[in-house]
Amino acid sequence: MQSKHRIFAEDLLLAAEGEDHFDRVPDSLVLIIFNKLADARSLGRCSAVSRRFNALVPFVDDACLRIDRVIPADGADGCGGDALGLAGAPRPRAVLSHLLKSMLLAVLKPFAHCDAKSGGGGGKHAPQQHHSPAQVLKNFSSIRNLRMELPVSDVGTDDGVILKWKAVFGTTLQSCVILGGTKVEKAAAGTHASMPAAAADSESSGDDSGSIPESFYTNGGLKLRVVWTISSLIAAATRHYLLREIVKEHPTLEQVALTDAQGQGTLAMGRDQLKEFRDKPLASAAAANRTQVPACNMKLRYAPMLELSDGTRIHGATLVVIKPVGGEAGGIGGGRKELDDFVADAFDGPFREAVGVLSKRRTYLLEMNGF
């Protein structure tokens with residue numbers, strides 16, 4: 001058995017002779033390491049280390065891209081109303097569309113700081129060059145699983161409000177689940193996320209028999225849920241529109257998830273959705289740079305107060321499950337079971353339990369026009 005000192009001395013000798021021990025590591029193992037690293041920007045830096053790394057990085061299967069800021073595809077310098085196509089938009093025709101118009105700028109908050117697309121002719125006026133996600137990923141030729149993360153959540157909410165959503169898109173919306181609550185707190189002594197007491201108490205009152213109390217319709221509770229729903233759908237449709245160039249340029253993609261740093265919402269696309277996205281034309285909404293949302297059926301379930309096994313209490317807990325009118329049940333296999341499984345697995349931790357409890361409560365059906 002050689003001593004550690006002798007082994008170390010031999011290593012130094014080999015290094016002095018110019019031998020690189022990393023060259024002994026097979027390419028397949030290096031790719032495993034790169035796939036574990038995943039971060040697209042870090043992989044880009046790795047490609048500059050050596051010719052070998054430069055040749056291997058494009059073949060990673062898994063990539064994660066954290067976006068500093070979103071660059072519009074049309075090359076507009078700003079993301080004001082005119083840049084988003086809001087000026088001159090057609091007059092709303094449905095009741096819900098009135099809310100849509102008033103909320104649109106707030107919903108697109110994470111896209112409010114946009115630079116001209118790199119190479120689009122506005123670079124010399126910008127102090128710093130920013131690359132679009134498609135440009136960052138252009139050198140990756142074999143990505144199968146892609147995760148992208150926006151810097152902030154899309155939908156602004158008041159302190160203490162919980163809002164989470166997950167949507168599946170092909171060419172257009174296939175299914176969406178939204179979980180919301182007007183106040184979240186821990187029953188045990190600890191952190192307490194508060195909201196104005198009047199709003200929380202008004203929704204927590206009642207006998208909790210499974211029926212929605214009359215006050216839910218008169219104190220703005222239903223209107224708030226409509227705002228949550230439309231805001232989440234606009235956020236999902238905007239993210240979907242951002243992916244069109246990436247999906248087109250990466251035919252190897254099998255899974256895509258576009259999330260945000262706060263974990264509010266996730267846009268998901270699987271193999272079937274990506275194939276549909278490539279094969280069918282994308283229907284853009286006239287109002288903004290987003291995909292058109294079709295007419296939908298919604299199932300709403302509500303509990304004035306939900307107490308979970310870990311002590312978490314959700315006041316005004318609401319579950320909304322959305323699918324297009326006449327569309328496949330889940331958009332992920334076509335059956336009711338697939339939709340139920342999608343809803344049950346949409347969120348992790350206590351929110352998964354909340355979905356399970358709310359799914360057993362009375363269902364209220366709503367309809368919404370496309371926008």
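Contact here means heavy atoms within 4.5 Å. By that criterion, residues 24 or more positions apart account for 74% of the contacts in the protein with a separation of 6 or more. The model is predicted, so to speak plainly about its limits: local features need pLDDT of at least 70 and side-chain atom pairs count only at pLDDT 80 or more, while totals for chains, interfaces and linings use all residues. Residues are numbered from 1 along each chain as its sequence is written, and side-chain values use heavy atoms, with hydrogens and water left out.The secondary structure comprises 13 helices and 10 strands, taken as DSSP runs numbered from the N terminus (helices, H or I, at least four residues; strands, E, at least two). Of the 371 residues, 44% count as buried; buried means under 20% relative accessible area, exposed over 50%, and partly exposed in between (1.4 Å probe, protein chains only). The protein exposes about 19100 Å², of which carbon and sulfur atoms supply 53%; these areas come from the Shrake-Rupley method with a 1.4 Å probe.

An unreviewed UniProt entry lists residues 23–57 as "domain: F-box", an annotation that, like others from this record, may be inferred rather than shown by experiment. The span is 69% helix and 0% strand, and its end C-alpha atoms lie 16 Å apart. Alanine 38 is found in the loop between helix H2 (27–37) and helix H3 (40–46). Most residues other than glycine have a negative phi.

Aspartate 39 forms a salt bridge with arginine 66, with the closest N and O atoms 3.3 Å apart; a salt bridge is a side-chain nitrogen of Lys or Arg within 4 Å of a carboxyl oxygen of Asp or Glu. Aspartate 39 lies in the loop between H2 and H3 and arginine 66 in strand E1 (residues 62–66), so the pair ties together parts that are 27 residues apart in sequence. Aspartate 39 is buried at 16% relative accessibility, whereas arginine 66 is partly exposed at 42%.

A search of the whole structure finds 13 salt bridges. Among them is that of arginine 144 with glutamate 254, whose closest N and O atoms are 2.7 Å apart. This pair links distant parts of the chain, 110 residues apart: arginine 144 sits in the loop between helix H6 (133–137) and strand E2 (145–150), and glutamate 254 in the loop between helix H10 (244–249) and strand E6 (255–260). Asp61, Arg144, Glu254 and Arg271 are linked in a network of salt bridges. Lysine 186 and aspartate 310 also meet in a salt bridge (3.3 Å, N to O). Lysine 186 belongs to strand E5 (residues 183–186) and aspartate 310 to the loop between strand E8 (296–307) and E9, so this pair ties together parts 124 residues apart in sequence.

Strand E9 (residues 312–324) contains histidine 315, which is buried with a relative accessible area of 9%. The histidine 315 side chain makes a polar contact with the side chain of glutamate 185 (3.0 Å). A polar contact is a pair of N or O atoms within 3.5 Å; within protein, one must be able to donate a hydrogen and the other to accept it, and residues adjacent in sequence count only if both atoms are side-chain atoms.

The lysine 164 side chain does reach the backbone oxygen of glycine 263 at 2.7 Å. Leaving aside neighbours within four places in sequence, the contacts of lysine 164 include Val177, Leu179, Phe347 and Phe351.
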